[in-house]
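Open the model in your viewer and keep the selection panel at hand. This tour goes stop by stop, with something to select at each.

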Amino acid sequence: MGENQLSNTQLYIGIDGGGSKCRATIYNQALKPLGTGVAGRANPLHGLEQTFQSIQQSTELALKDAGLPIETCNELVAGLGLAGVNVGHFYQQIAQWQHPFKAMYLTTDLHTACIGAHNGEDGAVIITGTGSCGYSHVGEHSISLGGHGFALGDKGSGAWLGLKAAEHVLLSLDGFASSTSLTDKLLSHFKVDNAMGIVDNLAGKSSSIYAQLARYVLASANEGDAVAIAIVTEGAEYISALARKLFEINPSRFSMIGGLAEPLLPWLDEDVASKVSPSLSPPEFGACLYAQKQFNAAIAG
């Protein structure tokens, strides 16, 4: 009985970690948000220490926002939805972390995004931010696609748009490709005046650096630049095809989330764009629901 009484006042924290940022929100037992914190990226593909640091920083900021002492961290039941943990060894490394929480339940950012987008009900979701991936869950069936990471995959994502733009601009500056308004935008962005200046700023850099260039690709496409239009069209065609794969198990709802969800919408095929419904709740709420369900099952067991 003591444990059940404790669970009635239990605090939860939902954490959504991706290639650009980590967002954490604390909820009470009634799922009312109490405080939120945002820190740096939390994708183990870019480093485990960075991931752990971002989780801890976003948690501390959320506690501060909620007016709770840092020590409360030890009382939180945490749900983590992280990019990159679809790769088995990263999942194991995160799961074995000596975390600061009362309990921790780990799954992919896709899973928690889908739970949040449909408030725990069945549905499909595509994340189009720094990376891209799709997830659909109906009854006992689920489909998980993409999420292969930059630069192996993530087509249609911010990082992919930036990479394609940089590739074309460099070819154009060397005289091997058609001119584009993206050239001046990228040179200005990096405050350089030649191809090697761009290379110096991009060589060996992470997906989040490339994703910063996506806004220039979309702006140029909307201005009528043929090169930018071709890049955005190719990315949007992939996202549309990805959605159709998710629709094969007939999800009742479909949402798109991430920084490119809204800008890409006009470029999607009409049969896909017409099915997009607003996300009901953010991914960190989905992470909280996931943690609460797992925690309650552990108590009942």
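Predicted model: local features only at pLDDT ≥ 70, side-chain atom pairs only at ≥ 80, totals over all residues.

**Stop 1: strand β2**

Select residues 22–27, strand β2. Is β2 mostly buried or open to the outside? Five of its six residues are buried, so the strand is largely enclosed by the rest of the structure.

Pick Ile 15 and look across to its bridge partner in β2, Ala 24.

**Stop 2: on to β3**

In β3, Gly 37 stands opposite Ala 24. Strands β2 and β3 are antiparallel, again with six bridges between them. Their hairpin has five residues between the strands. Select Leu 31 there: its phi is positive, near 65°.

**Stop 3: Thr 36**

Select Thr 36, which sits in strand β3 (residues 33–39). How exposed is Thr 36? It is partly exposed, because its relative accessible area of 26% falls between the 20% limit for buried and the 50% limit for exposed.

Show its surroundings. Leaving out residues up to four places away in sequence, Thr 36 touches Arg 23, Ala 24, Thr 25, Leu 61, Ala 62 and Asp 65. With Thr 25 there is also a polar contact between side chains, at 2.9 Å.

C-alpha to C-alpha, Thr 36 and Thr 233 are 36 Å apart in space, and 197 residues separate them in sequence.

**Stop 4: the largest pocket**

Move to the largest pocket, with a volume of about 990 Å³. Its lining takes in 48 residues; select Gly 19, Ile 127, Gly 129, Thr 130 and Gly 131, the closest to its centre. Colour the lining by type: 17 residues are nonpolar, 24 polar and seven charged. Elements that each supply at least two lining residues include β1 (12–17), β8 (141–146) and α9 (214–222).

**Stop 5: the second largest pocket**

The second largest pocket holds about 290 Å³ of space. Of its 13 lining residues, select His 111, Ile 115, Gly 120, His 137 and Lys 293, which lie closest to the centre. Two or more lining residues come from each of α4, β7 and α13. Which element gives the largest share? That is α13, with four residues. By type, the lining has five nonpolar, five polar and three charged residues.

Methods:
Residues numbered from 1 in each chain as written. Heavy atoms only, no water. Buried < 20%, exposed > 50% of the residue type's maximum accessible area, 1.4 Å probe, protein only. Contact = heavy atoms within 4.5 Å. Polar contact = N/O pair within 3.5 Å; in protein donor to acceptor, adjacent residues only side chain to side chain. 1 Å grid on protein atoms, 1.4 Å probe; cavity = no way out; pocket = protein on both sides within 12 Å on 5 of 7 lines; lining within 4 Å. Points joined across faces, edges and corners; volume = space filled by probe spheres on them. Nonpolar A, V, L, I, M, F, W, Y, C, P; charged D, E, K, R; others polar. Pairing = 2+ DSSP bridges.
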